[in-house]
There are 2 protein chains.
Amino acid sequence: MDYKQMEQSLKAASDETRMLILKYLSKEALCICEFTELLDMSQPAISQHMRKLKQAGWICEEKRGRWTIWSLNEKHELFEVLSSLLAMLPEPERTVESLIAEGKKVNCN
Amino acid sequence: MDYKQMEQSLKAASDETRMLILKYLSKEALCICEFTELLDMSQPAISQHMRKLKQAGWICEEKRGRWTIWSLNEKHELFEVLSSLLAMLPEPERTVESLIAEGKKVNCN
DNA sequence: TGCATACATAAGTGATTGCTTATATAATAA
DNA sequence: TTATTATATAAGCAATCACTTATGTATGCA
């Protein structure tokens with residue numbers, strides 16, 4: 001891995017919002033609409049973060065009907081490093097379960 | 001470690017120039033003037049990169065006369081992660097030895 | 001067919017980045 | 001003392017950032 005590649009990978013991960021996204025994805029695959037609820041952010045903001053993470057190779061998308069299901073790319077060269085970083089982070093307050101409890105869970109998977 | 005802390009640490013390391021600096025420091029402690037030669041950059045540019053790395057806790061400074069000797073901070077909470085990242089990077093082309101060969105090595109340590 | 005849903009993209013904006021040049025500071029050398 | 005060396009800091013600037021609002025696109029449903 002060269003310096004430019006590592007810079008691009010790390011830069012994409014070095015953002016509080018995107019680290020939260022990756023933390024959620026380390027548990028289960030999710031779609032954009034769930035993240036807008038979990039992170040309380042606009043849909044375009046989430047969408048743009050996803051694009052950055054995808055360009056860096058951290059996540060994969062799977063189109064299913066009108067949903068796009070996002071998941072961690074376990075084949076990323078730095079996947080193990082990412083995993084150990086994510087393991088150091090606390091569990092987010094909002095969970096998919098809390099969305100269900102609030103009746104805000106969408107049926108995308 | 002919380003999300004903001006990790007973001008700040010990773011952001012400081014997520015730069016090609018600063019990763020090169022860290023790679024050099026993983027071998028030996030060095031001063032600014034050596035980096036200006038090794039990286040072919042201006043002194044203020046290097047100085048500002050050092051400040052960022054120091055603020056993130058990645059490096060330590062030791063003032064010795066008019067020199068400032070910089071070294072990796074092995075007590076950083078993410079030191080092991082950093083080490084494994086640096087180990088994946090190729091050795092830089094320019095080395096302290098090549099500086100000596102060119103007669104550009106300074107006597108700072 | 002028409003409308004709602006899920007998402008992507010584009011343009012605009014204020015904040016941050018990484019450099020530059022210029023200058024300040026502090027230690028040593030002459 | 002004066003000059004030189006090593007470094008830090010400040011101001012300025014173009015590029016990039018993360019958001020916003022507005023709009024486009026594709027799917028599924030009535």
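Across the interface of chain A and chain B, 7 residue pairs are in polar contact, with both partners at pLDDT 80 or more, in what is a predicted model. The count of salt bridges between chain A and chain B is 2, and in a salt bridge the side chains of Lys4(B) and Glu16(A) meet at 3.3 Å, N to O. On the side of chain A that touches chain B, helix 1 (3–13), helix 2 (16–25) and helix 5 (79–87) each supply at least two residues, and helix 1 gives the most, with 6 residues. By class, this side of chain A has 13 nonpolar, 2 polar and 8 charged residues.

In total, 23 residues of chain A are in contact with 23 residues of chain B, and the area buried between the two chains is about 2300 Å², of which carbon and sulfur atoms give 71%. Within chain A, the most area is lost to chain B by Tyr3(A), Glu16(A) and Met88(A), which together give 32% of what that side buries.

Around DNA strand C there are 25 residues, of which Cys33(A), Gln43(A), Ser47(A), His49(B) and Lys52(B) come nearest; of the atoms of DNA strand C that come within 4 Å of the protein, sugar and phosphate account for 68%. Phosphate oxygens of DNA strand C lie 2.9 Å from a polar side-chain atom of Ser42(B), 3.0 Å from a polar side-chain atom of Arg18(B) and 3.2 Å from a polar backbone atom of Thr68(A). Two or more residues of the surface near DNA strand C come from each of helix 3 (32–39), helix 4 (43–55) and strand 3 (67–72) of chain A, and from each of helix 2 (16–25) and helix 4 (43–55) of chain B. The residues of this surface comprise 10 nonpolar, 9 polar and 6 charged.

Key:
Residues numbered from 1 in each chain as written. Chains lettered and ligands numbered in written order. Predicted model: local features only at pLDDT ≥ 70, side-chain atom pairs only at ≥ 80, totals over all residues. Heavy atoms only, no water. Near = heavy atom within 4 Å. Polar contact = N/O pair within 3.5 Å; in protein donor to acceptor, adjacent residues only side chain to side chain. Helix = DSSP H or I, 4+ residues; strand = E, 2+ residues; numbered from the N terminus. Nonpolar A, V, L, I, M, F, W, Y, C, P; charged D, E, K, R; others polar. Contact = heavy atoms within 4.5 Å. Buried area = accessible area lost by both parts, 1.4 Å probe. Salt bridge = Lys/Arg side-chain N within 4 Å of Asp/Glu carboxyl O.
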